[in-house]
Amino acid sequence: MPIRRLGGYKSVVSSSPIPKLSYGFTKMNMSRSGYRVFSANSSTACTELAKKITERLGVELGKSVVYQESNTETRVEVKESVRGQDVFIIQTIPRDVNTAVMELLVMAYALKTSCAKNIIGVIPYFPYSKQCKMRKRGSIVCKLLASMLAKAGLTHIITMDLHQKEIQGFFNFPVDNLRASPFLIQYIQEEIPDYRNAVIVAKSPSAAKRAQSYAERLRLGLAVMHGEAHHSESDMADGRHSPPLSRTTTGHTGLELPSNSRHHVLFPGIELPMMMAKEKPPITVVGDVGGRIAIIVDDIIDDVEDFVAAADILKERGAYKIYIMATHGLLSAEAPRLIEESAIDEVVVTNTVPHEVQKLQCPKIKTVDVSMILAEAIRRIHNGESMAYLFRNIAVDD
């Protein structure tokens, strides 16, 4: 064997390959680690979606205990190792929203401190999504929740039909916003007799884009409802008119406005126009619904007074059947009773939110299962596959 002298040291050069040491472990960059799926809900009724997802994936639901102590504190115990693994936390949102949020935060933090590789939250209905805009002196609670989830350890979120798609900008990690429209459209085609004689209805002008997307894919007509049956947010005196408005304002210039002036002077030489109060007209329908099936589409159905009022107007305009299609069926308070007593023939929602109790109170409520697309999203994310397949033929306005 030849010997080379390098700086006073002997170097042995061998023509035979150098044996590699084996330590009994596989390289992480060559093969992916495993993954676990947990349910972060203490209610047994809310674990049904998690069980359906794990059955489709062919894996067992992760062993964990989530419960409330006597002082209502949330406690989470993870019963198996998650070190170096992708962990998916499935969390549906029951009526007790704040408890569900704390369960998600505590479980995410427990997995983070247990050295999980990635923590992905599967949150089909994202809570506080209606509070995504500033209202008077309120706050954007949805952004606060996004920051809390990131701080707790989540690295990715899978959700469905966010109330506003701009909510994705609140997060500093990836958000996959899946769509329920293919499942709802399939229900319309298979379960509504003579759906070709239907018209898609937008309950308000803000929902017109979603309704238009449904109508174009089903090759149906479109109708838009305008106005409201009740006044929503009253413009109360909350201090925003400070300094008080007066028809006579005296400044350094001694400027005085006439009594019929349309302007108010706040500072010398500065005039602001009077803002006219917003007045919403009664509900009107733009489009022909006479002798047709009316299908109202929306993303959330919670308080149903607006839907009931819309159904009454559509009945007056000649619609002989009225369906409501929505992704998230929160159906709070007296919603089941109001639906049962209304002109609505059927309310179709997905199982993103548990509503078994509401279904027992109102047989008009029907459920569409979306566990298939959630399970496929989990599989693709873990395997590093593209998510584009789940968004094929889906418009941005869905």
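Colleague: Which backbone oxygen does the side chain of Thr54 reach?

Modeller: The side chain of Thr54 reaches the backbone oxygen of Lys51, at 2.9 Å. A polar contact is a pair of N or O atoms within 3.5 Å; within protein, one must be able to donate a hydrogen and the other to accept it, and residues adjacent in sequence count only if both atoms are side-chain atoms. Note that this is a predicted model: local features need pLDDT of at least 70, side-chain atom pairs count only at pLDDT 80 or more, and totals for chains, interfaces and linings use all residues. Residues are numbered from 1 along each chain as its sequence is written, and side-chain values use heavy atoms, with hydrogens and water left out.

Colleague: Where is the place of Thr54?

Modeller: Thr54 sits in helix H1. Helices (H or I, at least four residues) and strands (E, at least two) are DSSP runs, numbered from the N terminus.

Colleague: Is Thr54 buried or exposed?

Modeller: Buried means under 20% relative accessible area, exposed over 50%, partly exposed in between (1.4 Å probe, protein chains only). Thr54 has a relative accessible area of 5%, so this residue is buried. Contact means heavy atoms within 4.5 Å. Leaving aside neighbours within four places in sequence, Thr54 is in contact with Val37, Val59 and Leu61.

Colleague: How do I read a sheet?

Modeller: Strands of a sheet pair through backbone hydrogen bonds, either parallel or antiparallel. Two strands pair if DSSP finds at least two bridges between them. Here, five strands form an open sheet in the order E3-E6-E7-E8-E9, with parallel pairing.

Colleague: Which are the edge strands?

Modeller: Strand E3 (35-39) and strand E9 (175-178); each pairs on one side only. Neighbouring strands of this sheet are turned by 15° against each other on average, direction ignored. Axes are lines fitted to C-alpha atoms, for helices over the stretch in contact, and angles run from 0 to 180 degrees between N-to-C directions. Helix H1 (residues 48-57) packs on the sheet and touches E3 and strand E6 (86-90). The direction of H1 makes about 160° with that of E3.

Colleague: How many bridges join E8 to E9?

Modeller: Four, and the two strands run parallel. Ile158 stands opposite Asp176 in E9. His156 is also in strand E8 (residues 156-160). The side chain of His156 makes a polar contact with the side chain of Asp176, at 2.8 Å.

Colleague: Why does His156 count as buried?

Modeller: Because its relative accessibility is 14%. Beyond four places in sequence, the contacts of His156 include Phe173, Pro174 and Ile381.

Colleague: What about Ile381?

Modeller: Ile381 is one of the buried residues of helix H9. The 13 residues of H9 (residues 371-383) should span 18 Å at 1.5 Å a residue. The expected span is 1.5 Å times one less than the number of residues. The end C-alpha atoms of H9 are 18 Å apart, which agrees. Just after H9, Gly384 takes a positive phi of about 70°.

Colleague: How do I read a crossover?

Modeller: A crossover is right-handed if, with the strands pointing away from the viewer, the path from the first strand over the helix to the second runs clockwise. Strand E15 (residues 293-301) and E16 pair in the parallel sense over eight bridges. The chain crosses from E15 through helix H6 (residues 305-316) to E16, and this β-α-β crossover is right-handed. E16, helix H7 (residues 335-341) and E17 also make a right-handed β-α-β unit.

Colleague: How many residues of strand E16 are buried?

Modeller: Eight of the nine in E16 (residues 321-329).
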